Amino acid sequence: FLNAKVLPALAVLCEQRIGLRVRFGLPDDLITSVSDGSLDLAVATRRVRRRGVEYESLAHETFVLVGVPRWAAAIVGGDRGGVDVTSLADVPLIAYSEELPVTERYYREVFGADVPEPAVLVPDLRSVVAVALAGAGIAAVPRYLCEQQLARRELIEIARPRNAPTNEIWSVAGSTTTVG
């Protein structure tokens, strides 16, 4: 989200000669840094209880299960989001992070099932999309990371659940920081 949405929006600050120092991290660490004043602002995928911070909803991301057309054609339709989870058993799964946060949530909410062992595990969500585009398997990712590929039909949305899993993204600032 930071690379795809936030940093392009912050580019205007550079034109105004406002310096940016950007770092990646886990929500706990970033929010602690905002709380202790070593960061002015953080973007977090969840709220963490800390004194001296305020949260503002920044965006909602929607998760989609995608694959190249040949994987989509190999999956038999069923009752959960148009796909029976058993039809995914022979399709390689691509995910990021050992904790499988996006993939686990997608499987639990859409299929009511445990996530299978990934065939490919990569360090970030952009890499998940790249490996899926290369045809290695299917992947659950935020829609904003693959909108163009979906529009060009390079990737196909495998399942279309009525209520796709979503996640709220937060802007986190110190309670004395003014943003605007």
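**Close-up 1. Asn167 in strand β7.** Asn167 is a residue of strand β7, in a predicted model where local features need pLDDT of at least 70, side-chain atom pairs count only at pLDDT 80 or more, and totals for chains, interfaces and linings use all residues. Residues are numbered from 1 along each chain as its sequence is written, and side-chain values use heavy atoms, with hydrogens and water left out. Helices (H or I, at least four residues) and strands (E, at least two) are DSSP runs, numbered from the N terminus. Asn167 has a relative accessible area of 16% and is therefore buried; buried means under 20% relative accessible area, exposed over 50%, and partly exposed in between, with a 1.4 Å probe and protein chains only. The side chain of Asn167 makes a polar contact of 3.4 Å with the side chain of Arg105, and reaches the backbone oxygen of Thr45 at 3.4 Å. A polar contact is a pair of N or O atoms within 3.5 Å; within protein, one must be able to donate a hydrogen and the other to accept it, and residues adjacent in sequence count only if both atoms are side-chain atoms. Apart from neighbours within four places in sequence, Asn167 is in contact (heavy atoms within 4.5 Å) with Thr45, Ala59, His60, Glu61, Phe63 and Arg105.

**Close-up 2. Glu168 in strand β7.** Glu168 is also placed in strand β7. Its relative accessibility is 25%, so Glu168 counts as partly exposed. The side chains of Glu168 and Ser57 are joined by a polar contact of 2.5 Å. Not counting residues up to four places away in sequence, Glu168 touches Ala44, Thr45, Ser57, Ala59 and His60. Glu157 is eleven residues from Glu168 along the chain, and the C-alpha atoms of the two are separated by 21 Å.

**Close-up 3. The largest pocket.** The largest pocket has a volume of about 1,700 Å³. Of the 50 residues in its lining, Leu2, Phe24, Leu30, Val43 and Ala44 are the closest to the centre. The elements that give two or more residues to this lining are α1 (2-15), α2 (27-35), β1 (41-44), β2 (53-67), α4 (101-111), α5 (125-133) and β7 (166-174). Helix α1 gives the most, with seven residues. Sorted by class, the lining has 30 nonpolar, ten polar and ten charged residues. Here Ala, Val, Leu, Ile, Met, Phe, Trp, Tyr, Cys and Pro count as nonpolar, Asp, Glu, Lys and Arg as charged, and the others, Gly among them, as polar. On a 1 Å grid over the protein atoms alone, a pocket is an open set of points where a 1.4 Å probe fits, with protein on both sides within 12 Å along at least five of seven lines; lining residues have an atom within 4 Å of a point. Grid points are joined across faces, edges and corners, and the volume is the space filled by probe spheres set on the points.

**Close-up 4. Aromatic rings of Tyr106, Tyr107 and Phe111.** The whole structure holds four aromatic pairs. One of them joins Tyr106 and Phe111, edge-to-face, at 6.0 Å centre to centre and 65 degrees between the planes. In another, the ring centres of Tyr107 and Phe111 are 5.2 Å apart and the planes stand at 65 degrees, so this pair is edge-to-face. Rings of Phe, Tyr and Trp (its six-membered ring) pair if their centres lie within 6.5 Å; planes under 30 degrees apart count as stacked, over 60 as edge-to-face and the rest as tilted. Tyr107 and Phe111 are separated by about one helical turn because they are four residues apart in helix α4. Tyr106 and Phe111 are buried, and Tyr107 is buried too. Together, Tyr106, Tyr107 and Phe111 form one aromatic cluster.

**Close-up 5. Pro69 in helix α3.** Pro69 belongs to helix α3, residues 69-74. With 39% relative accessibility, Pro69 counts as partly exposed. Leaving out residues up to four places away in sequence, Pro69 touches Arg153, Glu154 and Ile156. Pro69 and Ala44 are 25 residues apart along the chain, with 33 Å between their C-alpha atoms.

Close-up 6. Arg17 has a phi near 65 degrees, a positive value in a residue other than glycine. Arg17 sits in the loop between α1 and α2, and is exposed, with a relative accessible area of 78%. Phi of Leu100 is also positive, near 55 degrees. Leu100 lies in the loop between β3 (93-96) and α4; at 11% relative accessibility, Leu100 counts as buried.
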